[in-house]
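Subject: Handing over the model

Hi,

Here is the structure I promised to pass on.

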Amino acid sequence: MNREELARRVLELVTGIAPDVDAASVIPGIDFRDQFDFDSMDTLNFAIALHRELGVEVPEADYGQLASVDKCVAYLGPRLP
(Lines give C-alpha, C1' and ligand atoms only; values in the text may rest on other atoms or scores of the structure.)
Protein backbone atom coordinates (compact mmCIF):
# COMPACT_ATOMS: atom_id res chain seq x y z
CA MET A 1 0.00 0.00 0.00
CA ASN A 2 1.48 3.35 -1.02
CA ARG A 3 1.20 6.61 0.95
CA GLU A 4 -1.82 7.86 -1.02
CA GLU A 5 -3.74 4.63 -0.53
CA LEU A 6 -2.86 4.59 3.16
CA ALA A 7 -3.96 8.23 3.57
CA ARG A 8 -7.24 7.44 1.81
CA ARG A 9 -7.81 4.42 4.06
CA VAL A 10 -7.03 6.49 7.17
CA LEU A 11 -9.62 9.07 6.06
CA GLU A 12 -12.19 6.32 5.52
CA LEU A 13 -11.59 5.01 9.03
CA VAL A 14 -11.75 8.51 10.55
CA THR A 15 -15.07 9.21 8.86
CA GLY A 16 -16.31 5.83 10.05
CA ILE A 17 -15.54 6.88 13.63
CA ALA A 18 -16.77 10.45 13.16
CA PRO A 19 -19.44 10.26 10.43
CA ASP A 20 -20.19 13.99 10.63
CA VAL A 21 -16.69 14.74 9.27
CA ASP A 22 -16.43 15.55 5.56
CA ALA A 23 -13.33 13.70 4.30
CA ALA A 24 -12.80 16.33 1.58
CA SER A 25 -12.39 19.06 4.21
CA VAL A 26 -9.78 17.24 6.32
CA ILE A 27 -6.36 18.90 6.14
CA PRO A 28 -3.73 16.11 6.31
CA GLY A 29 -1.14 18.01 8.36
CA ILE A 30 -3.49 19.37 11.04
CA ASP A 31 -4.44 17.33 14.10
CA PHE A 32 -7.95 15.91 14.12
CA ARG A 33 -8.71 17.61 17.45
CA ASP A 34 -7.91 20.98 15.92
CA GLN A 35 -10.17 20.37 12.92
CA PHE A 36 -13.20 18.68 14.47
CA ASP A 37 -14.45 17.16 17.69
CA PHE A 38 -12.23 14.04 17.89
CA ASP A 39 -11.91 13.11 21.55
CA SER A 40 -10.01 10.40 23.44
CA MET A 41 -12.79 7.85 22.94
CA ASP A 42 -12.71 8.53 19.20
CA THR A 43 -8.94 8.01 19.25
CA LEU A 44 -9.37 4.67 21.03
CA ASN A 45 -12.01 3.55 18.52
CA PHE A 46 -9.77 4.73 15.69
CA ALA A 47 -6.81 2.70 17.01
CA ILE A 48 -9.06 -0.36 17.25
CA ALA A 49 -10.29 0.21 13.68
CA LEU A 50 -6.70 0.52 12.44
CA HIS A 51 -5.82 -2.76 14.10
CA ARG A 52 -8.89 -4.49 12.70
CA GLU A 53 -8.55 -3.13 9.16
CA LEU A 54 -4.78 -2.90 8.71
CA GLY A 55 -3.44 -5.41 11.21
CA VAL A 56 -1.34 -2.82 13.03
CA GLU A 57 -1.37 -2.93 16.82
CA VAL A 58 -1.10 0.60 18.21
CA PRO A 59 -0.11 0.78 21.88
CA GLU A 60 -1.80 3.48 23.93
CA ALA A 61 1.52 5.28 24.36
CA ASP A 62 1.58 5.85 20.59
CA TYR A 63 -1.93 7.29 20.21
CA GLY A 64 -0.46 10.78 19.85
CA GLN A 65 1.10 9.63 16.60
CA LEU A 66 -2.38 9.05 15.19
CA ALA A 67 -3.38 12.71 15.58
CA SER A 68 -3.53 13.63 11.87
CA VAL A 69 -3.58 11.95 8.49
CA ASP A 70 0.09 12.76 7.88
CA LYS A 71 1.12 11.48 11.30
CA CYS A 72 -0.89 8.29 10.78
CA VAL A 73 0.73 7.62 7.42
CA ALA A 74 4.21 8.20 8.86
CA TYR A 75 3.49 5.93 11.83
CA LEU A 76 1.62 3.15 10.02
CA GLY A 77 3.64 2.91 6.80
CA PRO A 78 6.63 1.07 8.24
CA ARG A 79 4.40 -1.11 10.43
CA LEU A 80 2.11 -2.52 7.78
CA PRO A 81 2.36 -6.30 7.46
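Predicted model: local features only at pLDDT ≥ 70, side-chain atom pairs only at ≥ 80, totals over all residues.

Residues are numbered from 1 along each chain as its sequence is written, and side-chain values use heavy atoms, with hydrogens and water left out.

**Salt bridges**

Side chains of opposite charge can pair when their charged atoms come close.

Helices here are DSSP runs (H or I, at least four residues; strands would be E, at least two), numbered from the N terminus. How open are the two partners? Burial goes by relative accessible area: under 20% is buried, over 50% is exposed, and anything in between is partly exposed (1.4 Å probe, protein chains only). Glu12 comes out partly exposed at 41%, and Arg9 is partly exposed too, at 22%.

Another salt bridge joins Glu53 and Arg52, 3.5 Å from N to O. Glu53 is partly exposed, with a relative accessible area of 38%, while Arg52 counts as exposed at 55%. Salt bridges that share partners join Arg9, Glu12, Arg52 and Glu53 into one network.

Then there is Lys71 with Asp31, where the closest N and O atoms are 3.0 Å apart. Lys71 sits in helix α4 (residues 69-76) and Asp31 in the loop between α1 and α2 (32-35), so this pair ties together parts that are 40 residues apart in sequence. Lys71 is partly exposed at 37% relative accessible area.

**More on Asp31**

What else does Asp31 touch, leaving aside its neighbours within four places in sequence? Asp31 is in contact (heavy atoms within 4.5 Å) with Ala67, Ser68 and Lys71. Its accessibility is 23%, which counts as partly exposed. The Asp31 side chain also makes a polar contact with the side chain of Lys71, at 3.0 Å. For that term, I mean a pair of N or O atoms within 3.5 Å; within protein, one must be able to donate a hydrogen and the other to accept it, and residues adjacent in sequence count only if both atoms are side-chain atoms.

**Rings**

Rings of Phe, Tyr and Trp (its six-membered ring) pair if their centres lie within 6.5 Å; planes under 30 degrees apart count as stacked, over 60 as edge-to-face and the rest as tilted. That gives five aromatic pairs. Ring pairs link Phe32, Phe36, Phe38 and Phe46 into a cluster.

Tyr75 is in helix α4 and is buried, at 3% relative accessibility. The charged end of Arg79 sits over the Tyr75 ring, 3.8 Å from its centre; the rule is NZ of Lys or CZ of Arg within 6 Å of the ring centre and within 35 degrees of the ring normal. Not counting residues up to four places away in sequence, Tyr75 touches Glu57, Val58, Pro59, Asp62, Gln65 and Leu66. With Asp62 there is a polar contact between the two side chains, at 2.6 Å.

Asp42 is in helix α3 (residues 40-54). Asp42 is buried yet has no salt bridge, and the nearest side chain of opposite charge, Arg33, is 8.3 Å away. Here Lys and Arg count as positive and Asp and Glu as negative; His and the chain ends are not counted. Beyond neighbours within four places in sequence, Asp42 is in contact with Ile17 and Asp37.

Asp20, in the loop between α1 and α2, counts as exposed at 72% relative accessibility.

Cheers

Terms used
Salt bridge = Lys/Arg side-chain N within 4 Å of Asp/Glu carboxyl O.
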